[in-house]
Amino acid sequence: FPLTSISHVETISCNENGFFPIYLSDRYGFNNPDTEWDKDSLEFLLIGDSFAHGDCVNEEDSLSGQLRSIVNSNHSIISLGHSGNGPLLEFASLKEYYPKDKKVRNVIWLYYEGNDLINLLNEKKSKILLNYLDDQNFSQDLKSQQNKIDKMILDYFLRAYKNSNQNKNELKKNNVKNYFLTFLKIQELRVNIIDRFFESIDSDFSKILSLSNTFLKKNDTRLFFVYIPEYYRYKNEVIIQNSSRKYKKILKIVKNLEIPIIDLKELIENKDNPLS
């Protein structure tokens, strides 16, 4: 079960700002300059989804890139983030790719209120991922299997590309219909899953953070939890409220674990124009 992408390859990111950022993936398929892995000490290790991955922006404008601009160049900044990650995938990435051969000072765990809890539900369907929760010694030894990972993912892409060409005409006919169906399903998910089913937070979310914190403390590494609000919280305040995202409950869990919190929701909403 790969947790990353193809290594040492030019990778085209998403276009949200009128251009397609291109980055060269590192030795493990993450979005980092490969030389960051060779430095003796690691100042910040980032865990998260597309925010940690640096989607849709150039490397120097990503969170890890901005940290590199202000931190001593002798210390590395490494992101283990990947698009679509949720808490369980992030925990697995931490266990597999934490560089035990060097001093890691800080880990920044980026939590996105928009979909992290939904992602956790899906991730728990994987027996392999559940092994990370149930067995603290479990490992796939992914760092030593990058050649296998590269081939597996490339084969998958080629199959998907072939299938997409075969179904191109059919897809064109259904494109508009699929778009609106997808949009409606997303809206339904937001209302039904988040607001109704998440009356309480999945206990495995707390377990994941607790296991991560214990693991890092044993390695003398500090963990910081960053709460990232969703855009629609400020775009349409009627849809997104604190209760629907379980904001207070999430922060209570983190506080009870005595993990320092960086609350971007609070910082952003105190601006005159939060959407800016």
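Trainee: Which residues make the nonpolar surface patch of about 350 Å²?
Mentor: Ile-12, Phe-20 and Ile-22 make that patch. Before we go on, this is a predicted model, where local features need pLDDT of at least 70 and side-chain atom pairs count only at pLDDT 80 or more, while totals for chains, interfaces and linings use all residues. Residues are numbered from 1 along each chain as its sequence is written, and side-chain values use heavy atoms, with hydrogens and water left out.

Trainee: Why is Ile-22 called exposed?
Mentor: Its relative accessible area is 52%. Exposed means over 50%, buried under 20%, and partly exposed in between (1.4 Å probe, protein chains only), so Ile-22 counts as exposed. Ile-22 lies in strand E2 (residues 22-24); strands (E, at least two residues) and helices (H or I, at least four) are DSSP runs, numbered from the N terminus.

Trainee: Is Asp-220 buried or exposed?
Mentor: Exposed, because its relative accessibility is 57%, against the limit of over 50%. Asp-220 sits in the loop between H8 and E6, and has a positive phi of about 60° although it is not a glycine.

Trainee: Why is helix H3 described as largely enclosed?
Mentor: Of the 11 residues in H3 (residues 87-97), 11 are buried, so the rest of the structure largely encloses this helix. Among them are Phe-91, Lys-95 and Tyr-97. The buried residues of H3 pack against several elements, including strand E5 (103-112), helix H6 (146-166) and helix H8 (203-218), with contact meaning heavy atoms within 4.5 Å.

Trainee: How do you know that E5 and E6 pair?
Mentor: Pairing needs at least two bridges found by DSSP, and E5 and E6 have seven, in the parallel sense.

Trainee: What joins E6 to strand E7?
Mentor: Three bridges join E6 to E7 (residues 261-263), and these strands run parallel. Val-226 stands opposite Ile-262 in E7.

Trainee: What makes E6 mostly covered?
Mentor: Six of the seven residues of E6 (residues 222-228) are buried.

How values were computed:
Patches are made of residues with over 30% relative accessible area and no salt bridge: like charges are joined within 9 Å, nonpolar side chains (Val, Leu, Ile, Met, Phe, Trp, Tyr) within 5 Å. Accessible areas come from the Shrake-Rupley method with a 1.4 Å probe; for residues, only the protein chains shown count as cover. A salt bridge is a side-chain nitrogen of Lys or Arg within 4 Å of a carboxyl oxygen of Asp or Glu.
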